[in-house]
Amino acid sequence: MTEKQLSEVSVPARIAAPDEGITQDELHLAGRNHAMPLEALRYDITPVGLHYLLVHYDIPDVDPDRWRLVIDGRVGRTVEYTLADLWARPKVTRTVTFECAGNGRALLTPRPLSQPWLDGAVGTARWGGTPLAPLLREAGIGADAVDVVFTGRDHGIERGVEQDFTRGLPLAEALREDVLLAYEMNDAPLPPQHGAPLRLVVPGWYGMAQVKWLRGITLTNCPFDGFQQTTAYRLKQGADEIGEPVTRIMPRALMIPPGFPDFMSRVRVVDAGVHVVTGRAWSGRSAVRAVEFSADDGRTWAAAELGARAGGEGDDFAWYAWRFVWRTDRPGSHRLRVRATDAEGVSQPREQAWNRQGMANNMAQCVEAIVR
């Protein structure tokens, strides 16, 4: 396919015009992908069908009997594994919260055009598989190795570039003991839409690092400069800026909206009285240290009770439960907000700083509620 043909079929990235509604292209994306319903925050482990989903291109048709994983590049020897080879290795299970880097994009003004997430691009699963680091060491890590590059089988065109979805990690990150090659999700075989037969799990990083339908791992002697690394997933203001890379998940809390919803607007209807508001909080940077609730659009905040983290010992990147007792006897409209603060003292902003790709948006959730 020529560059001219590619440019004709691949829509360039752009920012929505003032008052421009959701486009047909965005609706195509929204119809294929889905957010986690906020009421699913009640589950420690998100059921597979409720976990958020983002598929960049198509779900590949992979024959597990013919599938192979190749590790090559700056290694002592190129190695190849079948699924049976990986199943025979020591198995580890990790509970990890995933969040899409574009979560909240549709709330920005002006809106970057892409998958129009509101605030539900998140989920927590039990990922079962084999640790990555021993495989790399067995292949023989070259003394000059810098990055570990992961290539999936999903293939498409993005901004005129034909590609397999490919991302890189610094070698030190790839060698963390909690990084997995996962073939199970919630104690069952990995579903096709979530990357079967094998995917990468990098606890603490946004979803773009969790490469699905994994087919190749290559060690390089220089930083990876592929499209998904140096063009996409960057924090920048202008189209021509290099920007900063998106990496670890910023702190965030979400509530299960109280009361019951209006069908179209999702505005909540709440009876006056006492309500126990619950939800989840997480961060890919450090432990969550506080969650706060506001019933007046963030003018005042009160401490919520922070509960246990999902998972078990060693699951340092799974979300926490929290609860807050909200007493209200004032009829009318309320704007409820919740925010998290991590151990590094980083807290969610009330309003999000804008960036061109709509990435790493962690502004405090807002829920419209009418008390009657």
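Modeller: Start with phenylalanine 98 and tryptophan 127: both are buried. Bear in mind that this is a predicted model. Ring pairs next. The count comes to five aromatic pairs. Phenylalanine 98 and tryptophan 127 make a stacked one, because their planes lie at 20°, under the 30-degree limit, with the ring centres 5.0 Å apart. Phenylalanine 98 belongs to strand β3 (residues 92-99) and tryptophan 127 to strand β4 (residues 122-131), so this pair ties together parts 29 residues apart in sequence.

Tryptophan 282 and tryptophan 319 give a tilted pair, with 5.9 Å from centre to centre and 50° between the planes. This pair, too, links distant parts of the chain. Tryptophan 282 is in strand β16 (residues 273-282). Tryptophan 319 is in the loop between β19 (305-309) and β20 (320-328). The separation is 37 residues.

Now the cluster. Ring pairs join Phe293, Phe324 and Trp326. Phenylalanine 293 also has a place in strand pairing: it stands opposite alanine 302 in β18. The strands concerned are β17 (residues 288-294) and β18, which pair in the antiparallel sense over two bridges. Both belong to an open sheet of six strands. Its order is β14-β15-β22-β21-β17-β18, and the pairing is mixed. The edge strands are β14 (260-261) and β18 (302-303), each pairing on one side only.

One more ring has a charged neighbour. Arginine 339 lies over the face of tryptophan 301, at 4.1 Å from the ring centre.

Strand β1 (residues 69-73) pairs with β10 in the parallel sense over four bridges. Strand β5 (residues 147-158) runs antiparallel to β10, and six bridges join the two. Threonine 218 in β10 has a partner in each: it stands opposite aspartate 72, and it is the bridge partner of valine 149.

Definitions and conventions. Residues are numbered from 1 along each chain as its sequence is written. This is a predicted model: local features need pLDDT of at least 70, side-chain atom pairs count only at pLDDT 80 or more; totals for chains, interfaces and linings use all residues. Side-chain values use heavy atoms; hydrogens and water are left out. Two strands pair if DSSP finds at least two bridges between them. Rings of Phe, Tyr and Trp (its six-membered ring) pair if their centres lie within 6.5 Å; planes under 30 degrees apart count as stacked, over 60 as edge-to-face and the rest as tilted. Buried means under 20% relative accessible area, exposed over 50%, partly exposed in between (1.4 Å probe, protein chains only). A charge sits over a ring if NZ of Lys or CZ of Arg is within 6 Å of the ring centre and within 35 degrees of the ring normal.
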